[in-house]
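Me: I've got a protein model open and I'm new to this. Can you walk me through it?

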Amino acid sequence: MEETRKRIIKISKVIQHTTTLCMILFGVIAVIGLGVAFFPYHEDELPSLHNNLVNNANILPLDIVSTFMRDNNYRLQVMLAGIFISLMAMVLLFLICGYKKIFKKIINARTPFTKETAESLRKLSRRALLLVVFSTLMGIIIFLILRLIAYIFEYGAYLQEKADETNRIQEEMIMSFAEITENKSEQTGKHVRRVAEYSRIVALEMGLDEDRANQIRLASTMHDIGKLMIADEILEKPARLTDEEFAEIKKHPGYGGKLLKNVEGDVMRMAKTVALEHHERPDGRGYPEGKTLDKLSIESRIVAVADVYDALTSKRSYKQAWNEKDAYEEILKGKGTQFDEEVVEAFIKAYPKIDNVRQELQG
Ligand SMILES: [Fe+2]
């Protein structure tokens with residue numbers, strides 16, 4: 001009997017140590033596995049959707065989901081993550097169940113074959129079964145959640161593709177309109193490009209994000225589209241305009257607004273606003289509607305400064321180009337009356353960059 005007891009104690013010790021070793025091994029595998037599966041990828045590898053819809057692209061579960069939908073090879077990685085999470089849960093729950101206590105009881109008891117030990121082992125077996133069921137359920141739930149999020153992201157990516165396509169079409173349309181306007185008026189392509197670049201620089205300086213600044217850059221190229229409706233004789237008159245002619249010229253923002261009345265898409269709508277408001281002033285003395293600061297969009301206030309600065313520093317049929325320092329002073333003089341204070345502040349701060357663009361795009 002003593003011999004049998006000793007043998008059982010020995011076997012129990014082996015089982016206990018093996019179990020502990022397995023727990024440690026599972027734990028280590030789970031931690032390493034999770035580390036590999038959740039390892040954040042380089043931002044370039046993430047779908048562009050992240051950059052537009054999710055500010056924090058490094059949120060780990062989102063990395064998993066995005067890679068899951070992008071590349072089928074990562075399915076394995078995601079499944080492994082699920083398995084490792086289940087393993088981790090098993091280790092923790094097995095520890096909570098107190099398997100060590102039961103083994104200690106067997107080892108320390110004088111007679112290992114007791115009903116109490118049998119009952120403890122039965123309890124442990126039930127718990128083990130529960131653990132298996134729980135881990136499986138957890139795996140299935142993780143899989144379903146990931147699958148659901150993957151579908152959401154797939155749909156998001158589809159919408160993003162559509163939006164990119166619309167933006168591309170808008171950009172092409174805008175550039176075509178800008179070209180037509182340039183041909184019609186005496187302004188050169190460089191005027192349009194300079195105003196666009198100045199507007200983008202000022203927008204960025206004001207803290208607007210890169211996407212918005214780029215939209216303002218594009219929208220600004222159509223600010224004078226209403227001039228298409230003005231007679232060539234007035235636009236190209238190499239002398240000072242009469243009051244009637246000037247009144248006619250002043251209608252171009254209104255014409256621009258009408259031309260773009262039914263446009264769709266963010267950039268085109270912004271272009272319509274800019275076309276309509278770029279000669280308005282914060283003090284309400286602008287045209288065509290005499291809107292005041294609180295009614296003017298940020299993009300129109302930005303383009304207004306960019307347009308006037310470029311008009312002053314450019315040669316026209318009826319005037320010479322101003323010296324850039326005088327033009328700069330003129331913008332400062334208009335701060336709070338002709339131009340929005342905030343925009344002028346940004347213009348001052350960003351002036352070195354603006355001046356660089358002026359020199360690069362001269363002519
Ligand atoms: Fe204009």
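Me: How much of the protein counts as buried?
Reply: Of its 363 residues, 28% count as buried. Buried means 20 or more other C-beta atoms lie within 10 Å of the residue's own, exposed means 12 or fewer, and partly exposed is in between, with C-beta atoms placed from the backbone.

Me: Is this an experiment or a prediction?
Reply: It's a predicted model, so local features need pLDDT of at least 70, side-chain atom pairs count only at pLDDT 80 or more, and totals for chains, interfaces and linings use all residues. Residues are numbered from 1 along each chain as its sequence is written.

Me: And what's the mean pLDDT?
Reply: The mean is 80, and 77% of the residues reach 70 or more. pLDDT is the predictor's confidence in each residue, from 0 to 100.

Me: Where does pLDDT stay under 50?
Reply: Over residues 41–62, where the model has 25 contacts beyond four places in sequence. Two residues are in contact if their C-beta atoms, placed from the backbone, lie within 7 Å. Where pLDDT is low, the predicted coordinates should not be read in detail.

Me: OK, how many helices and strands?
Reply: The protein has 16 helices and zero strands. Both are DSSP runs numbered from the N terminus: helices are H or I with at least four residues, strands are E with at least two.

Me: Which residues touch the most others in the largest nonpolar core?
Reply: Val202, Ala271 and Val305, in a core of 38 residues. Helices H6 (115–184), H7 (189–205), H8 (210–220), H12 (266–277), H13 (298–313) and H15 (341–349) each supply at least two of the core's residues. A nonpolar core is a set of buried Ala, Val, Leu, Ile, Met, Phe, Trp, Tyr and Cys residues joined through C-beta atoms within 7 Å.

Me: What is Ala271 in contact with?
Reply: Leaving aside neighbours within four places in sequence, Ala271 contacts Ile174, Ala219, Met222 and Leu260.

Me: Is H12 mostly covered or mostly open?
Reply: Mostly covered, with 10 of its 12 residues buried. Among them are Val267, Met270, Ala271 and Leu276, and also Lys272 and Glu277. From first C-alpha to last, H12 reaches 16 Å, close to the 16 Å expected at 1.5 Å a residue. That expected span is 1.5 Å times one less than the number of residues.

Me: Which residues of H11 are buried?
Reply: In H11 (residues 252–259), they are His252, Pro253 and Gly256. These three sit on the same side of H11, because they cover an arc of only 100 degrees around the axis. The arc is that of the directions from the helix axis to the C-beta atoms.

Me: What do they pack against?
Reply: The buried residues of H11 pack against H10 (243–249) and H12.

Me: What about Glu264, buried or exposed?
Reply: Glu264 is exposed, because it has 8 other C-beta atoms within 10 Å. Glu264 is in the loop between H11 and H12. Its C-alpha is 8.8 Å from that of Gln170, 94 residues away along the chain.

Me: Switching to His191, buried or exposed?
Reply: His191 counts as buried, because it has 22 C-beta neighbours inside 10 Å. His191 is in H7, and beyond four places in sequence its contacts are Asp310 and Ser314. His191 and Leu361 are 170 residues apart in sequence, yet 8.4 Å apart C-alpha to C-alpha.

Me: Last one: which peptide bond is cis, with omega near 10 degrees?
Reply: The one from Tyr287 to Pro288. Pro288 is in the loop between H12 and H13. Most peptide bonds are trans.
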